Amino acid sequence: MKISGLQTSGTPGDVDANLHELDAACRRARAEGAELLITTELFVTGYDIGDAVRELARTDLLSPARETAASHGIALVLGAPEYESGAYYNSAFFIDAAGAILGRHRKNHLFGELDRRYFTPGDLPAPVIDYAGVRIAMLICYDVEFPENVRSAALAGADLVAVPTAQMQPYEFIAEHLLRVRAWENQIYIAYVNHDGDEGSLRYVGRSSIVSPSATVLDSVEHGNRLLFATVEPHTVRQARKANPYLADLRPDLFTPSARATKDPSC
Ligand SMILES: [NH3+]CCCCC(=O)O
């Protein structure tokens, strides 16, 4: 499956402008043969936009994006705020090429006051969606910095982790190094799609990338608005896991509380 990722500064607080950019990006991505377009974290509204993020979360942000996906025949991993039963979530939605919502992830590790002021953390690990022969997990930004999140997706059979992101200075290290480690230690594709430019109090690091299960950077960009492309192949995941069998060799029995409590009789 050819996938794409849209690194962009977006238009903070302007849903119509962001949806217009989404439409143009879907057209370009589809023309290049992509079957999936991954956006940045909270793409539809912007991230550091203050109380407006909650006001916008209570509007219908998904219907126009679903129509865009269907009109271009391309699936989306779409970053958008979500409101349900009095709670607000920093979410990502998997929308298929017919505009149907197949899955949703609520950011399960909130980052500092910026997230916690407005959102409730999700209580579920990354969902894994079977789409066109590829098993796709979703995490959001800070989530991917916890190895347990990516390992859990890999053990659940994911081939790819799509990561809508709003990664700001001074965290260039994550974009430049950590993603390749996450891909290598789990033999899994990672698509990390970040904001760029300035937004509110933040200066984003850009540095979006798509990384192979053997930690090869398949496409990347430092700064600027750009579509990234790469081809995700499940057999490449399987080959990588033969070469680096961490998941097969893993000994979860050693990491249970009871294993930790067991005294070593030889000492
Ligand atoms: N390294 C911490 C920055 C995480 C930013 C975010 O989750 O939006």
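What radius of gyration would a compact globule with 267 residues have, and what does the protein chain have? The rule (2.2 Å times the number of residues to the power 0.38, over C-alpha atoms) puts such a globule near 18 Å, and the protein chain agrees with 18 Å. This is a predicted model, in which local features need pLDDT of at least 70 and side-chain atom pairs count only at pLDDT 80 or more, while totals for chains, interfaces and linings use all residues. Residues are numbered from 1 along each chain as its sequence is written, and side-chain values use heavy atoms, with hydrogens and water left out.

The protein chain has nine helices and 14 strands, taken as DSSP runs (H or I, at least four residues, for helices; E, at least two, for strands) and numbered from the N terminus. Of its 267 residues, 53% are buried, meaning under 20% relative accessible area with a 1.4 Å probe, protein chains only; over 50% is exposed, and in between is partly exposed.

Aromatic rings of Phe, Tyr and Trp (its six-membered ring) pair if their centres lie within 6.5 Å; planes under 30 degrees apart are stacked, over 60 edge-to-face and the rest tilted. There are five aromatic pairs. Phe111 and Tyr142 are edge-to-face, because their planes stand at 70 degrees, with centres 5.1 Å apart. Phe111 sits in the loop between β5 (101-106) and α4 (112-116), and Tyr142 in the loop between β7 (134-138) and α5 (147-155), so the pair ties together parts 31 residues apart in sequence. Phe111 is partly exposed at 23%. Ring pairs link Phe111, Tyr142, Phe146 and Tyr171 into a cluster.
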